Amino acid sequence: MANYSKDENQETMTDFLCSPELTAGIHGELRWAAALNIFMSITAFIGNAIVVAALNKVSSLHPPSKLLFRTLAATDLCVGIISQPLTAVALMPEVKQYVHVCRYTSIVRFSISYVLCIVSLLTSTAINVDRLCALSLKIRYRQIMTLKRTYVIVAIFWVISIVFAVLSLFINSIRDMYSSVVLVSCVAISAFSYGKIFLVLRQNKDKLGPRALWQRQANQAVQLNATLYRKTVYTILWVQMALIICYLPYTIITLLLRFRTGRPSVWLLVAWRYAGTLLYFNSSLNPVLYCWKMRAVKNAMKETVQQICCLCGCTREKMKCVEVIFGACHKAES
């Protein structure tokens with residue numbers, strides 16, 4: 001906990017977040033933020049648990065790509081069952097004005113959320129690079145991008161993020177440096193990957209028609225792979241856009257708090273709390289995007305939900321609700 005005693009800026013930040021003087025007039029707003037986090041923790045848990053189970057049934061995705069999607073869903077699942085409940089727990093001491101409890105719960109929440117958010121950023125970027133490799137390496141892609149290597153990459157993401165999260169408890173500048181490097185690198189790599197992918201797809205479309213992906217390979221299997229490839233690329237593009245939209249307000253307000261002069265306003269702290277809730281909302285949104293944009297995942301999710309309903313002895317009315325929900329996803333996709 002050294003950074004909270006030695007780093008004056010971080011100490012002041014923590015004192016402001018848990019200060020009874022600043023939180024005295026915003027108890028209602030804090031309660032609403034806690035309630036929103038509890039509700040979204042349920043939706044994130046249910047949605048991502050279904051995605052993780054459904055991905056086991058999807059055979060059309062290459063195993064390394066499936067592992068990356070499963071890792072992304074697993075981090076979102078952890079946000080739902082760990083980060084958001086901890087956020088609600090951290091907000092309640094602020095309402096009750098338990099300063100010491102607020103500080104300790106905030107430290108734990110920051111550390112866990114830091115790891116999960118960094119792993120999510122790295123994994124979504126790895127999916128972009130994986131799609132670029134599939135397009136560039138062609139036949140060699142399955143030989144180079146193996147499941148074992150992908151496991152190693154994912155393990156490195158988790159280990160590095162956990163190590164830096166632990167170090168940041170003692171040296172606050174490490175967390176800021178690592179977060180900045182990861183954020184800038186992920187945005188740059190993703191932008192380059194998408195630019196290259198869409199450029200190659202556009203060239204192939206102009207030369208060989210809308211369904212051809214690689215030159216002189218026009219059999220039906222390749223055409224199906226081309227269609228699946230485009231759907232996967234557009235899906236992760238939507239996931240990336242949703243991530244940026246959900247993360248951007250929190251990043252901006254955090255920078256305003258970090259480089260403030262004097263005490264921040266009460267409503268800036270309220271905005272920061274709700275921006276954090278929006279950031280967590282990304283974990284509830286991703287399963288919807290998978291259901292909307294990836295037909296194979298949607299069908300597997302539908303089958304999984306139906307199996308759960310059968311095991312729970314659901315009525316026909318509830319089974320019809322499942323059909324309606326996934327039918328709406330199908331209409332939106334088409």
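The largest pocket has a volume of about 880 Å³, a volume being the space filled by probe spheres set on grid points that are joined across faces, edges and corners. This is a predicted model, in which local features need pLDDT of at least 70 and side-chain atom pairs count only at pLDDT 80 or more, while totals for chains, interfaces and linings use all residues. Residues are numbered from 1 along each chain as its sequence is written, and side-chain values use heavy atoms, with hydrogens and water left out.

Me: What makes a set of points a pocket, and which residues are the closest to the centre of the largest pocket?
Reply: On a 1 Å grid over the protein atoms alone, a pocket is an open set with protein on both sides within 12 Å along at least five of seven lines, and lining residues have an atom within 4 Å of a point. Of the 32 residues that line the largest pocket, Y114, S179, Y250, T251 and T254 are the closest to its centre.

Me: Which helix gives the most to the lining of the largest pocket, and how is the lining divided by class?
Reply: Helix α6 gives the most, with 7 residues, and the lining has 17 nonpolar, 10 polar and 5 charged residues. Here Ala, Val, Leu, Ile, Met, Phe, Trp, Tyr, Cys and Pro count as nonpolar, Asp, Glu, Lys and Arg as charged, and the others, Gly among them, as polar.

Me: Why is I42 called partly exposed?
Reply: Buried means under 20% relative accessible area and exposed over 50%, with partly exposed in between (1.4 Å probe, protein chains only). I42, which lies in helix α4, has a relative accessible area of 46%, and therefore counts as partly exposed.

Me: Why does I162 count as partly exposed?
Reply: I162, found in helix α8 (residues 147-168), has 42% relative accessibility, so I162 counts as partly exposed. The C-alpha atoms of I162 and Y114 are separated by 8.7 Å, although these residues are 48 residues apart along the chain.

Me: How many helices and strands are there in the chain, and what makes a run a helix?
Reply: There are 13 helices and 0 strands; helices (H or I, at least four residues) and strands (E, at least two) are DSSP runs, numbered from the N terminus.

Me: How many residues does the chain have, and what percentage of them count as buried?
Reply: Of the 334 residues of the chain, 46% count as buried.

Notes
1 Å grid on protein atoms, 1.4 Å probe; cavity = no way out; pocket = protein on both sides within 12 Å on 5 of 7 lines; lining within 4 Å.
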